[in-house]
Amino acid sequence: LLHRVSWKKGIKFSDVGRSYVNFVKNHYKHPIVVFDGYENESTKSHEHLRRNAVPQSKLVQIVPENPVPYTQERYFSCIENKAEFIRYVTSLLKESNIEVHNCTGDADSSIVAKALEHASKQSGNVNVIADDTDIIIMLLHHWKPEQHGDIFFVQERDNRAW
């Protein structure tokens, strides 16, 4: 979700946050948002460090009426900014009655668990929107036709679904 909404340097944090809430409301019927956590070590910590080996920004305190001082890519190069932004967007999504789960580390297992839980409770389809192929592998491993409804794995950036 963090990279599905685009924004530019100079826009107010409140406008950026509102654009995330609007994106979720406009694109998904009954969304459950699950965020990775960046406070603790996880199986993907090494990858996060590799991607952001040299942060191009410093920690920025989020004040809704202040402008974002960096481009989106540069802002998110600082892991602490990413964690702070997730907390901010989580509060806005929850205020809009959107279910949000924040993981302490990698969210893949939680995403799969939520998908399986919902597929077992309802008769309709469950769509898992993600770009991480680890999630589809776990879904394939854990899905049982006698226990779960249909689950579709959707990669929006490549416009593909399984």
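**The nonpolar core**

Guide: The largest nonpolar core has 28 residues, a nonpolar core being a set of buried Ala, Val, Leu, Ile, Met, Phe, Trp, Tyr and Cys residues joined through side-chain atoms within 4.5 Å. Trp7, Tyr20, Phe35, Tyr75, Phe85 and Leu93 have the most contacts inside this core. Buried here means under 20% relative accessible area, with exposed over 50% and partly exposed in between (1.4 Å probe, protein chains only). H1, S1, H3 and H4 each supply at least two residues of the core, and the largest share, 8 residues, comes from H4. Helices (H or I, at least four residues) and strands (E, at least two) are DSSP runs, numbered from the N terminus.

The model is predicted: local features need pLDDT of at least 70, side-chain atom pairs count only at pLDDT 80 or more, and totals for chains, interfaces and linings use all residues. Residues are numbered from 1 along each chain as its sequence is written, and side-chain values use heavy atoms, with hydrogens and water left out.

Take Leu93 as one entry point. Leaving aside neighbours within four places in sequence, Leu93 is in contact (heavy atoms within 4.5 Å) with Leu1, Tyr20, Val21, Val24, Val33, Phe35, Ile98 and Val100. Tyr20, Val21 and Val24 are also among the buried residues of H1, which include Phe13, Val16 and Phe23 as well. These buried residues pack against strand S1 (32–35), helix H3 (72–76) and helix H4 (79–95). Helix H1 itself covers residues 13–27 and reaches 21 Å from its first C-alpha to its last, close to the 21 Å expected at 1.5 Å a residue; the expected span is 1.5 Å times one less than the number of residues.

In soluble globular proteins, nonpolar side chains tend to be buried together. In this chain, buried residues make up 41% of the 162 residues. Among contacts between residues at least 6 apart in sequence, 68% join residues at least 24 apart.

For the setting, the chain has 6 helices and 5 strands, in the order α-β-α-α-α-β-α-β-α-β-β along the sequence. S3, helix H6 (residues 133–142) and S4 make a β-α-β unit that is right-handed.

Conventions: A crossover is right-handed if, with the strands pointing away from the viewer, the path from the first strand over the helix to the second runs clockwise.
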